[in-house]
Each structure stands twice: as C-alpha cells, then as structure tokens.
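Please look through the sequence and the model shown below before reading on.

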Amino acid sequence: MESINGRSNGGRPTGGGPGEGPSEGPSGSPGGRRAFSRRWVLGAGATTLLTTGLTACGSDGDSGGGGDTLTAFVYGDDAAKIQQTAVDRFNRSGAAKSAKGRVKLERIPGAEYPAKLRTAMGSPSAPDIFFNWGGGSIRDYQEAKQVVDLTDTIGNDPALKSAFLPAVLAAGGLGGRNYGIPMRGMQPVILFYNKSVFAEHKLRPPTTWDQLQDVNAKLKKAGITPFALGGADTWTELMWLEYLVDRIGGPEVFAKIQEGDASGWGDPAVLKAAETVKELIDDGAFGSKFSSVAYTNGGAPAVFAKGKAAMHLMGSWEYSTQLGKFPSFAKNNLGWCAFPTVEGGAGDIRNVVGNPTNYWSVNTRAGNKDAAIAFLKDCASRTYARALVANGDIPATSNAAELLDSSPNPEFAKFQYGMVEKAPAFTLSWDQAVGSDVATPMLTEINKLFVGKSSPSEFVSALKELK
Amino acid sequence: MSHDTLPRPRPRPGTTGERPTGPPPAGHRRHWTKRANPLAGLGSILWLVVVLVPIYAMLSASLTSQDKALTGNPLSPPTSPTLDNYNTVLNSGFGHLLGNTAIVALAVVGIVLVLSVPLAYVAVRTRNRWSGLAFRLFLLGVAIPAQAVVVPLYLLIAKLDLYDSLLAVILPTAAFAMPVSVLVLVGTLRDVSEELYEAMALDGASPQRMLFQLAVPMAKGGISTVVIYAALQAWNGFLFPLIFTQSDGPRVLTLGLFNYVSQFGVNIPALLASVVLSGVPIFAVYLVARRALVGGLMGVGGK
Amino acid sequence: MSAPSPTRTPPGDRAGEHAEPAGSGGPHRPRSRPRPRAAAGRPHAAWALPGVLFFTFFAVVPMGLAFYLSFTSWDGLGDPEPVGLDNWRKLLDDDRLVQSLWLTVLLTAASWVFQTVIALLLGVWAAGRQRNRAVLSAIFFVPFLLSSTAIALLFYALLDPNFGIIQENTLGSSGGAFLAIVFVGGWQFIPFHTLLYQGGARQIPEVLYQAAAIDGAGRYRQFFSITLPQLRHTITTSTVLMVVGSLTYFETVLILTKGGPGTDTAILPYLMYEAGFKSYDFGYASAIASFLVLAATGLSLILVRLTGFGGMRSTREGM
C-alpha cells in the first residue's frame with residue numbers, strides 16, 4: 001500500500017521517542033550520562049566500554065520465541081521497510097543457514113510501540129529481537145534480565161566494533177555495558193523552514209532570538225503562522241523547551257536534572273524558557289490551533305508543507321516524512337538551520353538536542369541467540385548503511401561520511417552530519433533521559449504550559465515536585 | 001460495557017416475544033400519534049441533519065482523492081469520485097480484521113449462551129442459597145467496568161499463555177457480557193408460567209427437557225436480545241484487543257481501525273473509507289433484519 | 001405416570017404469541033396440585049456452576065487481583081513487590097484523581113442531559129405510527145451501527161483543525177474537547193435510547209390520553225402530565241444504562257484527545273490506562289482501578305436499591 005505519511009507517520013520513529021508518547025517509553029539515562037560531548041558522540045577509538053570475555057549469552061535459550069524462527073518487533077513506520085529488506089536478505093544468507101535461524105519482522109504500529117513492547121515482554125510470547133531507543137528505554141528490561149549483554153559479542157568482533165561510532169554504540173547500553181546495535185539514522189532536532197515562503201517575504205533563517213522575533217512579526221503581518229507545531233503530541237512541544245533551556249542556561253541545566261536532581265528544575269533558565277514559550281504562544285507564533293494539530297497523523301507536516309506555517313522544529317526525520325508525503329516540497333522548498341541563540345544565554349548555537357539513534361536488542365529468552373546476533377551483525381554491513389542513506393538517514397556508522405554523497409539530498413545529509421559532528425554538547429531527549437515514571441507527568445506538565453493551563457512559575461513548581 | 005443495563009422488573013409482566021414493540025391492536029388509534037406535531041417535526045428534522053451531515057461528509061470524503069481533500073472544502077461533493085481509498089483500505093488487510101471480529105463475535109455469543117442460559121434457568125427455577133448467591137454475583141457484576149480489571153486480566157492472560165491470541169479477547173469479553181445476559185434471561189424466564197413446568201413435571205419431564213422444550217422456546221425474545229447484546233460487545237470491544245493482542249494475526253476490526261489513525265494520518269479519505277467499510281457488514285444485517293435487531297436491542301433495556 | 005394433561009401440547013407451540021397469555025401473569029389461578037410435584041423437576045444448582053466459575057475466573061478473580069496489585073509495585077516485568085499502602089497514599093494525594101473524578105461525574109451528567117432530552121423527545125415522537133416517522137427512525141438508528149472506535153475515528157477526522165469540516169481548535173481547547181466527547185457519545189447512543197423511549201411510549205395506555213383530552217388538556221400538558229410520568233421506568237432504565245455506559249468513553253478519549261488538552265479530558269479509566277500502560281506503574285494503576293471498582297459497586301448497589309432490580313422473585317412471590 002502506498003504509504004501516505006513519511007516514515008514518521010507512526011510518531012517519532014527514529015526520533016525522540018515512541019510515537020505519541022515518548023512518555024510511554026524510554027526512560028533513564030545511559031548510566032547517568034548527560035549532555036554528550038562531541039567526542040562522546042563521534043569520537044574515534046573509544047575503547048572504554050569494552051571488556052573481554054566470551055560471547056555474551058545472558059542465559060540459556062528456551063521459552064522465548066521458540067523454534068528456529070525469531071520474532072523481531074520493530075516500530076512500524078515507513079522506515080521499517082529497511083528492516084524488512086534486511087530481514088529478507090538475512091533469511092536468504094549463509095549466516096542464517098549456519099545459525100539455523102530465520103527472522104520474522106513484526107511491525108508494531110508506532111504510537112503504541114512502547115506499551116505493546118512492554119506487555120509482550122511481560123508475556124510468554126515476547127519478541128526475540130526488539131527495536132528500542134537505547135539507554136533509559138531498556139533499563140527496566142535490563143533490570144529484569146530480559147536483554148542480552150552484547151558487550152563481549154561486540155568486543156570479540158573487530159568488524160562489529162569498528163563499524164559504529166563508539167559513542168552512539170555506547171548510548172545503546174547501560175552502565176558501561178552494551179545492549180543494543182544501532183539500526184537507524186541519527187536524530188538531531190533541526191529547525192526546518194519553507195524556503196519559498198522565506199524568499200517571498202525576503203526573510204533569512206534566524207540565528208538569534210531577536211532575529212527570530214523579527215521574522216515572526218513579518219510572517220504574522222503576511223498572515224502566515226510562524227511555526228507549525230503538532231501540540232496534540234506533547235513531545236513536539238518538549239523539543240522547544242529542550243532547545244530553549246539549552247540556549248538560555250547551557251547543557252548543564254538539564255544534565256543536573258538528568259542525574260536525578262529534581263531541584264534542577266528550579267534553575268532560572270527553566271523558568272525563562274517557560275516564559276519564552278508563553279510569550280511565543282501569546283504572540284501567536286504557533287497559531288491558535290496548534291493544540292489540536294497532531295504530528296503523528298501528519299497534520300503538522302501538512303500545515304508546514306502547504307505553506308500555512310513557515311517553520312517547523314522537528315527531528316531530522318522530518319525530511320523523509322516530507323519526502324514521503326510532499327516530495328516536491330521536500331526537494332525544492334525545504335530548508336534547515338540550527339536553533340537560534342538567545343541573547344545573553346549560555347548555550348552554544350552548535351549544541352544539539354535529540355537522539356543518537358535506535359537499536360536492536362536481543363531478549364535473553366530468545367530461542368536461538370546465535371541467529372539473533374548474526375542478524376544484528378547485518379546492521380554493520382555497508383549494504384545496510386547504504387539503504388539508510390538512500391532513505392535520507394545518516395547511519396551511525398563510522399563510514400557514514402563517505403556515503404553521504406549517495407543520499408537523495410547530499411546537502412541535507414552533510415548538514416545533519418556536520419551538526420552532530422561539531423556539536424559541543426548533545427542533550428538526550430528529556431523524556432528518554434528521565435525515568436518513564438517521571439516522563440509521563442513531565443510531558444503532561446509541558447502540555448499544560450503550552451495550552452495555558454499553568455503559568456511558567458506553576459510549571460516550574462510542578463516539575464520540582466516530580467521525583 | 002457499552003450497553004450494560006439491568007432489566008427492570010416489569011410492573012406488567014409483558015410479552016416474551018421477540019417483538020416487544022409489536023403494535024398493540026389499538027395503537028394506531030391514539031390521537032396523539034395521529035395529529036401532526038409541527039414543532040416535533042422540526043426538531044426531528046434538525047436531528048436528522050445532525051445524524052446525516054457527518055455521514056454525508058464521511059461518504060463524500062471517502063470518495064475524494066487525498067490531494068483534493070487537503071485543499072478542497074470537505075462538504076462539497078467530490079468532483080471526480082474515486083474508489084482508490086477503498087482499495088487502499090481493502091489492501092491493508094481489512095478482510096482479515098473483519099474475519100477476526102466475526103470469529104470473536106460468534107465465539108462470545110456461543111460462550112455467553114451456553115453458560116448463561118442454564119445459569120438463568122437455575123436462578124429462576126431452583127430457589128436455594130446457592131442459586132441466590134450466583135444471581136447476586138451477576139447482579140453486582142453488572143457494574144464492574146472492564147477497564148478496572150484490565151491490568152490483572154493482562155497478568156492472567158500472560159500467565160495462561162494466551163497473550164496475543166483471539167482467545168485472549170474472546171474469554172474476557174464473554175465474561176463481561178455475562179452479567180447483563182443473565183439478568184435479561186432471568187427477566188424473561190421468570191415470566192414463564194409455573195403451571196407449564198408443573199404440567200411437564202407431571203409428564204415426568206427431566207429438568208433438561210424442560211429447559212430445551214419449554215424454557216428456551218419461551219425465552220426466545222430474551223435469547224435473541226442476549227445474542228445481539230453479546231455480539232455488540234464483541235463488535236465494539238476495544239480495550240481488551242488493545243491490551244491483550246499485538247500482532248497482525250489476532251487483530252480485530254476496532255484495533256485495526258485504531259491503527260489506521262497512525263497509518264493513514266491526515267489521509268482523511270482513507271481513514272473515513274475504513275470507517276465506512278467497518279459499518280458495511282452490520283449495515284447489511286440492519287437492512288435484512290431490522291426488526292429483529294431493533295426488537296432485540298429493546299430487550300437490552302429490559303423491555 | 002403418563003396421565004394425559006390438557007397442557008401437553010408441544011412446548012414449542014407455546015412460543016411466540018402464545019407466550020403472552022401464558023406469561024402475562026395476573027393473579028395465578030389457585031393450583032390444585034401439591035407443590036412437591038413441581039419441585040421434582042427443578043434443575044440442580046450445579047447447572048449454574050460452569051457460568052459462575054467462568055465469570056469468577058475472568059471477572060471476579062481479576063477484581064481481587066487488582067486489589068492485591070494495588071498494594072504492590074510492579075512494572076509489568078518480573079514479579080509484583082509488596083509496598084504496603086504506598087499506592088493508596090499516592091492516590092489520595094493525587095490532584096489529578098480529584099480532577100479526574102470530577103470530570104467523570106461532569107461528563108456523565110452532561111451526557112445524561114444531552115442524551116435523555118433528545119432521546120426522550122425523539123422516542124415519544126417516533127412512537128407515532130406515521131410512515132414518515134418510521135422512515136426517519138430507521139435513519140436515526142444508523143449511527144448506532146458503527147462501533148465506538150469507528151465513530152471516534154469519524155469525528156477525529158471531521159474535527160481535524162486543518163482538513164476537517166470544523167476547522168477550529170475544537171479538540172485542543174478544554175471546552176471544545178469536553179463537548180466533543182459528550183457529543184460523540186450522544187451521537188452514538190441516542191439512537192439506542194430513542195429506541196427504549198419509543199418502546200416505552202407505545203405502552204402508555206391510550207385511555208389516559210383520552211381522559212386528558214376530555215378534560216381539555218392540550219398536547220404539551222398531556223406530555224408533562226401523562227407521557228413523562230408514564231415513562232418513569234424507561235427513564236430509570238435508560239439512566240442506568242447511561243451511567244454505567246459513560247465509563248466506556250475510554251476509547252473516545254484515547255482517540256480524540258488522549259486526555260488533553262493538559263489533563264482536561266482525562267477521565268478515570270484513561271488515568272488508569274496512562275498510569276499502567278504509559279508509565280508502567282501497574283501498582284498505582286491497580287489502585288485507581290480498585291477505586292473504580294469500589295465506586296462502580298457502590299453505584300450499582302445504590303441503583304439496585306433505588307430501582308428494585310434485585311427483586312427477581314417478586315413477581316413469583318407467594319406462589
């Protein structure tokens with residue numbers, strides 16, 4: 001069937017989180033890690049995480065998926081076609097034959113992915129291999145000993161070890177152990193804009209907050225909503241706060257919160273960011289209907305592509321979403337830039353928020369772990385990386401740079417790659433950095449701020465209550 | 001759940017036939033039904049608009065191509081109607097979803113009947129402590145919201161290794177359809193005259209024979225109500241499938257529709273085509289058997 | 001013994017129209033047969049056992065389990081760990097619960113008013129036997145044929161702020177979202193309640209109206225002094241249905257608003273769903289669920305008392 005939405009139709013596939021609710025899913029930071037340094041993200045030759053030993057094999061395989069067919073759960077958006085191709089390729093390969101296993105891919109509709117994964121993992125029909133957001137999103141599974149430690153597998157396989165950017169590989173683990181293999185593109189949050197609208201009104205992408213307000217004023221005068229915002233999905237609103245807090249107070253502000261210090265919400269930068277959000281809303285920067293527009297159903301991308309709104313703050317997957325839904329807009333009129341700085345703020349314009357990528361992990365109950373691991377290894381192949389690049393993604397592999405030219409939009413690919421590579425700090429999406437018990441109420445508070453149900457100061461005091 | 005109710009004790013023990021609304025002989029002579037009532041007529045026309053506008057918009061949009069739907073006025077009739085959206089939906093495994101829902105409905109109806117009829121029969125015919133307790137259990141059960149037990153049920157379903165199977169949907173749905181079914185059946189069966197049982201007893205009929213040759217035929221109205229009620233529970237069921245199933249295999253129609261929200265997104269024409277298609281089977285039943293359906297539903301209200 | 005009996009016609013023949021005279025009660029003729037005779041043909045109570053066990057296993061046991069889980073901490077993996085009263089303390093402390101409870105009550109009340117007023121008027125009107133009324137009634141019934149999920153989806157599409165037929169911030173504003181849920185619920189269930197009222201109105205004895213007409217009462221006075229009081233049983237039944245049914249707005253909320261904006265449409269079942277299946281705090285979700293069970297049981301006890309549903313034996317008492 002023709003996919004109507006881009007790959008993100010299910011939500012925030014490769015990005016911040018589980019569809020409608022990053023709320024639901026990912027939680028916890030990878031071992032207390034905070035804003036990732038550039039070296040952390042892209043640094044070469046990091047060996048800190050590696051230990052030696054035998055092939056990781058949590059426990060003996062038994063009940064799991066059973067038989068020789070392994071079930072793999074994947075977030076069921078359009079990008080899952082790449083995983084489907086990989087599965088088909090694997091099932092025909094010699095690796096599958098020698099491991100005596102086959103993989104069956106199950107696409108879980110996006111919005112419900114985290115909840116479905118959780119209920120399935122708690123049942124006897126758990127998947128053998130499952131898509132996840134790394135770090136916090138697998139903490140509960142790791143604590144329940146339901147995810148295979150891949151540290152030694154990676155350590156003993158030089159090809160595997162060198163294939164991925166070490167920092168991204170590390171973000172798929174917890175406490176210095178590896179639990180995931182990167183399987184999708186990198187996902188920084190980017191400010192997208194509509195080039196033809198900007199040209200028509202003689203505007204330039206803003207690099208400072210003053211410029212942004214100037215642009216907003218001109219757009220509103222022309223009857224155009226400055227920013228598309230899919231406020232029915234709270235994680236889209238979260239992105240604004242993530243960047244504003246970074247630009248105003250620097251990456252340290254959230255780093256403190258991420259370490260479990262709820263008093264960190266009391267930092268003046270959080271209040272200032274909330275006030276800035278309120279100003280934007282009162283100013284009509286998101287229009288009057290944003291709270292009933294969703295991202296997950298393609299509403300916000302459509303508003304943006306149709307020129308009803310001029311800019312859209314979104315994860316890098318916005319490009320492939322638009323490519324899928326409105327190809328001519330994506331090819332001709334889609335522009336991108338960094339989130340502007342705030343005058344007097346501490347954050348560098350090169351700082352990035354977002355997610356490293358998504359991962360495959362293996363269930364300890366998987367019947368045939370050899371086959372599962374053999375399947376995971378395919379993600380390190382050049383063929384797999386190429387397929388990601390062809391879809392507009394930037395794979396988290398060490399050979400990514402040389403593949404960028406084969407992207408459907410090399411210019412965007414290079415911008416995105418450079419953005420992550422040069423970032424002094426990479427702040428993990430808040431909803432994934434904190435525990436799932438905190439993420440849900442946090443998102444609720446953010447939504448209340450955006451819909452005017454709480455004032456910036458009420459917002460701050462509510463967040464300080466979260467523990 | 002959706003239609004939970006209690007049959008009320010009837011001030012006048014009424015008909016047990018399947019057409020509780022069957023016109024009383026003098027019905028048409030009522031003067032208040034004969035005279036035209038312009039105000040009420042106007043009100044009903046207004047409600048007709050409320051009912052038809054969404055249906056019209058749905059049908060119209062489902063025949064519009066997606067491009068047009070994003071730009072045009074959704075209320076204007078489609079200029080170049082297309083069936084593409086229906087194709088899109090039918091090619092997304094719609095038949096499979098429908099088949100699953102049909103299986104669930106049949107199974108739920110079967111289980112509910114097999115378990116509730118003897119239960120109601122005992123509750124009416126055998127007056128002792130145990131049957132009284134059983135009846136009370138179901139009386140209270142009427143108000144247990146299925147949502148309230150979904151977490152422990154999940155635990156149970158997982159332990160039974162039923163997760164992600166049609167049985168995981170069928171069994172709890174049937175259980176939660178039972179209280180109302182039992183009460184409806186009790187309401188019907190207790191109107192079967194004692195003399196008839198006694199007459200059969202005199203003939204030496206066993207309780208089984210009385211059940212099958214007397215009670216069941218006499219309770220046809222109540223039974224058809226239970227069939228419709230239980231089938232509706234299966235048809236409307238959403239929460240159990242949402243929590244207890246995950247893969248394509250046991251996916252039922254309501255859950256399939258829900259997934260279309262993220263699959264089709266603002267492809268409103270396709271989304272609405274799926275809504276239309278979901279209504280087609282039961283609409284067909286309605287056309288063919290309107291009287292039975294309507295009569296049975298009235299029985300849910302205890303009438 | 002096989003003495004021929006006058007009532008020995010095949011029971012099947014008594015179904016249908018013959019059922020009415022048989023069951024239509026009135027004082028029973030004094031019976032000449034001794035009672036023990038009839039008791040001989042009574043089924044053993046064990047016949048009820050399969051049904052009772054089935055219901056117990058899938059509804060009563062889970063209810064007990066919900067109470068047990070409410071005293072544990074459980075994230076869905078591994079085993080629940082006892083935590084005493086923690087969840088209940090949290091529950092009593094949770095502002096959202098109060099809001100949610102209030103919201104649930106408000107939603108039920110608003111739905112009741114909306115559905116009862118329209119269904120009552122339509123039902124009484126449709127009780128008339130004119131052809132146009134029959135045709136319109138058949139059309140009015142159509143929304144009820146769609147599942148709640150399908151209807152929620154339909155209005156989700158129609159209310160899309162940019163591409164729907166009402167391009168407003170409906171679902172993103174507190175009032176709009178609330179009204180939308182009330183309206184969507186009504187759109188689906190009014191046909192059903194109309195049916196109940198139609199049935200009820202048709203059973204009002206004609207003589208009452210004739211007498212009123214002789215007294216010179218007009219149409220509207222007749223409505224208030226005859227129709228409405230005569231429909232009181234139907235009103236009770238329909239109200240019970242609506243009250244219990246309002247807990248099923250879960251899927252409407254999930255699809256239309258996800259409890260938003262903010263928490264302004266997060267009714268109790270949704271709150272429980274969120275705690276359990278989004279925050280994976282199944283212990284706390286079970287506390288909310290237990291609260292729901294307690295509230296629902298209390299409600300049903302009150303309803304049973306008020307409406308006398310429990311008196312299943314009343315019509316046969318004194319035989």
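How many residues of chain C are in contact with chain A? In this predicted model, where local features need pLDDT of at least 70, side-chain atom pairs count only at pLDDT 80 or more and totals for chains, interfaces and linings use all residues, 22 residues of chain C are in contact with 31 residues of chain A, a contact being a pair of residues whose C-beta atoms, placed from the backbone, lie within 7 Å. Residues are numbered from 1 along each chain as its sequence is written, while chains are lettered from A and ligands numbered from 1 in the order in which they are written. The side of chain C that touches chain A consists of six nonpolar, 10 polar and six charged residues, where Ala, Val, Leu, Ile, Met, Phe, Trp, Tyr, Cys and Pro count as nonpolar, Asp, Glu, Lys and Arg as charged, and the others, Gly among them, as polar.

Chain B contains 15 helices and zero strands, with helices (H or I, at least four residues) and strands (E, at least two) taken as DSSP runs numbered from the N terminus. Of the 303 residues in chain B, 61% are buried, that is, they have 20 or more other C-beta atoms within 10 Å of their own, with C-beta atoms placed from the backbone.

The domain assignment, whose bounds come from an automatic or database source, divides chain B into domain 1 (37–82) and domain 2 (93–300). The centres of these two domains of chain B, taken over C-alpha atoms, are separated by 33 Å, and their contact takes eight residues from domain 1 and seven residues from domain 2. On the domain 1 side, helix H2 (38–62) and helix H3 (66–71) of chain B are the elements that give two or more residues, and H2(B) supplies the largest share, four residues.

Helix H5 (residues 94–125) of chain B has 32 residues and reaches 46 Å from its first C-alpha to its last, close to the 46 Å expected, where the expected span is 1.5 Å times one less than the number of residues.

In chain A, six of the seven residues of strand S2 (residues 69–75) are buried. S2(A) runs parallel to strand S3 (residues 102–108) of chain A, to which seven bridges join it, and A:Val74 stands opposite A:Arg107 in S3(A). Strand S4 (residues 129–132) of chain A is also parallel to S2(A), through two bridges, with A:Phe73 opposite A:Phe130.

Methods: Contact = placed C-beta atoms within 7 Å. Buried ≥ 20, exposed ≤ 12 C-beta atoms within 10 Å, placed from the backbone. Pairing = 2+ DSSP bridges.
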